[in-house]
Amino acid sequence: MGTQMHSRVDAPRVVVPDQAQAIATMKIERAGWAIRAFARFDRPAVMKVSRAVAEVAFSQAQHYAAWAVRETGMGVVEHKKLKNELSSRALVDFYEDMDLVNPRVDEARKMVEIPKPAGIILALTPATNPVSTLYYKTIMALLSRNAIVFSPHPLARECCCDAAAKLEAAAVEAGAPAGLIQCIEQPSVLLVQALMASPKIQVILATGGGPMVRAAYSSGNPAIGVGPGNAPVYVDPSADFSVAARRIVDSKAFDNSVLCTNESVLIALEKSRQQLERALRAAGAHICSEAETSKLRDWLFPEGHLNTAAVGKSAGWIALQAGFRVVGSVRTLVAPVSHLGIEESLTKEKLCPVLTFATAASFEGARSMAQMVLRVTGSGHSAAFHGEDLQRAMLFADALPVYRVVVNAPCSQGAAGFATHLAPSFMIGTGYFGRSSVGENIGPQHLVHWTRLAWNSDTSVPFGDFSEVRAPFDNGDEASALFAGAASPARASDEGGNIDRDMLRRLILEELRQLTGASRD
């Protein structure tokens, strides 16, 4: 989940069939009507909607976990359930104190900052983490007062469309205007290209395959796109091997390793090999023989490219397809190799419970191996360190072109913020190393920009007292609704929300009539 951001540039016009164009236009226009109303909501109203959506999402975590596995054939139901839960209620809890609605007054710098939401977000969702990504991006959009239109991966279309409709209904029930959360029911390349190129789309959140992410970059609209991970994990002699092995195997087996934050290549010192291998076996890993590693390499990377049939499948299933068997309790396949680099295909990202294993004679050699892994792919993304030697942890992190190094924790969950205090995210910023402008885990703050009123810095020029100045979204009915963040009762009330929805329905119906007439013409 590496991240790149690109600004609007001129893009060639995309020609699509009339029906697809009408669908795209309808979705965007409906979102436009909704966002104009939602942008006037005060913070209590925004949090009410966000919390209501998160609670419904949490309650449906098991339902959509099972649906996603059934529809895509990838992952583990109980693990997808946990990801869905962590991407709903816990996400709102994490951002509870981040105010992206009220203006900020900085008296010391004589400055006032007014938040400006992006507007309409186009969000691409992957087949690997479909509903958890949809949950996450929906919450991010709501907390920042944006509308969001999803284009799901075709392999996960049904579960995503149903989940989006469920969350939209919860938002409307909580007082939000209809049209904030939408999903393309019949995604196609042409339709997605039309949406991405629309001048009414303010930003694209792209999570998925490389070609689609590259299309987002070249769409002409600003884009935050995620790329490949390939996390190297180093186990230092100072580590507790049993604990480290258990964390690594648990991480690789989690949802059959579909998170791009998972460990890809295990590195240790040669003197630690036997002890670490024993610990890995005890934790549920199978250490492949040289012949098994060869079979695994050939099946996983035919002609040097990842066999996508392996993505999200179990260790036992993958072993069988590769031509050997493992006991039923095995959760991860460990494939020892003699060297790492571009000529060794097992150095690459795998997105399945296969962990490449290499050893070095020294810590410096191990560190160089980790650098080699990231040169192949994964720069800017993640790495992991297990051990108690703080100096080595610092040296390891300093040497690697990544923006997060997870220490003594499972990397799958840790880099994504679910086993560390990093921000919980399904979009991992890869920064300058990964050719991106964002190097942190993406959150709602990345979907808001700020207009700054900057006063003359000369101390003789007064700044003024803003204690009686109203927030821009306030209706003026209550003198107490000020910049400090007091609620605007008319906006937060159910009555106010119902009036907005009635107006929006009339506007949307008129827009639909116009679209229908245009398509007949």
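Modeller: Quick ground rule before we start: exposed means over 50% relative accessible area, buried means under 20%, and partly exposed is in between, using a 1.4 Å probe on protein chains only. This is a predicted model, so local features need pLDDT of at least 70 and side-chain atom pairs count only at pLDDT 80 or more, while totals for chains, interfaces and linings use all residues. Residues are numbered from 1 along each chain as its sequence is written, and side-chain values use heavy atoms, with hydrogens and water left out.

Colleague: Got it. How many helices and strands are in the protein chain?

Modeller: There are 18 helices and 16 strands. Both are DSSP runs numbered from the N terminus: helices are H or I with at least four residues, strands are E with at least two.

Colleague: And what percentage of the residues is buried?

Modeller: Of the 521 residues in the chain, 56% are buried. As for contacts (heavy atoms within 4.5 Å), take the ones between residues at least 6 apart in sequence: 75% of those join residues at least 24 apart.

Colleague: Let's talk cores. Which residues have the most contacts inside the largest nonpolar core?

Modeller: L180 and I181, in a core of 78 residues. Helix α6 (residues 130-143) gives the largest share of this core, with 9 residues. By nonpolar core I mean a set of buried Ala, Val, Leu, Ile, Met, Phe, Trp, Tyr and Cys residues joined through side-chain atoms within 4.5 Å.

Colleague: What is L180 in contact with, leaving aside its neighbours within four places in sequence?

Modeller: A34, I35, F38, L142, N146, A147, I148 and E168. There's also a second, separate core of 38 residues, and I267, L346, V354 and V373 are among its members. Nonpolar side chains tend to be buried together in soluble globular proteins.

Colleague: Changing topic: how many cavities of 30 Å³ or more are there?

Modeller: The count is 3. A cavity is a set of points on a 1 Å grid over the protein atoms alone where a 1.4 Å probe fits but cannot get out, and lining residues have an atom within 4 Å of a point. Points are joined across faces, edges and corners, and the volume is the space filled by probe spheres set on them.

Colleague: What lines the second largest cavity?

Modeller: R43, V46, M47, Y95, M98, D99, L100, V101 and L143. The volume of that cavity is about 40 Å³. Helix α2 (residues 43-59) supplies the largest share of the lining, 3 residues. By type, the lining has 7 nonpolar residues, 2 charged ones and no polar ones. Here Ala, Val, Leu, Ile, Met, Phe, Trp, Tyr, Cys and Pro count as nonpolar, Asp, Glu, Lys and Arg as charged, and the others, Gly among them, as polar.

Colleague: Now N129. Buried or exposed?

Modeller: N129 counts as buried because its relative accessibility is 5%. You'll find N129 in the loop between β4 (120-125) and α6.

Colleague: What does the side chain of N129 make a polar contact with?

Modeller: The side chain of K83, at 2.3 Å. The side chains of N129 and T128 are also joined by a polar contact, of 3.4 Å. That term covers a pair of N or O atoms within 3.5 Å; within protein, one must be able to donate a hydrogen and the other to accept it, and residues adjacent in sequence count only if both atoms are side-chain atoms. Leaving aside neighbours within four places in sequence, the contacts of N129 include D255, V258 and F426.

Colleague: Why does S425 count as buried?

Modeller: Because its relative accessibility is 0%. S425 is in the loop between α16 (411-415) and β16 (448-454), and its side chain reaches the backbone oxygen of I442 at 3.2 Å.

Colleague: What about phi of S257?

Modeller: Near 65°, a positive value in a residue other than glycine. S257 lies in the loop between α10 (241-253) and β10 (263-269), and it counts as buried because its relative accessibility is 0%. E303, not a glycine either, has a positive phi of about 55°.

Colleague: Is E303 buried or exposed?

Modeller: Exposed, because its relative accessible area is 79%. E303 is in the loop between α12 (290-300) and α13.

Colleague: Last one: where is G328?

Modeller: In the loop between α13 and β12, exposed with a relative accessible area of 83%. S329 is in the loop between α13 (315-322) and β12 (332-336), and it is exposed at 57%. The C-alpha atoms of S329 and A285 are separated by 8.6 Å, with the two residues 44 apart along the chain.

Notes:
1 Å grid on protein atoms, 1.4 Å probe; cavity = no way out; pocket = protein on both sides within 12 Å on 5 of 7 lines; lining within 4 Å.
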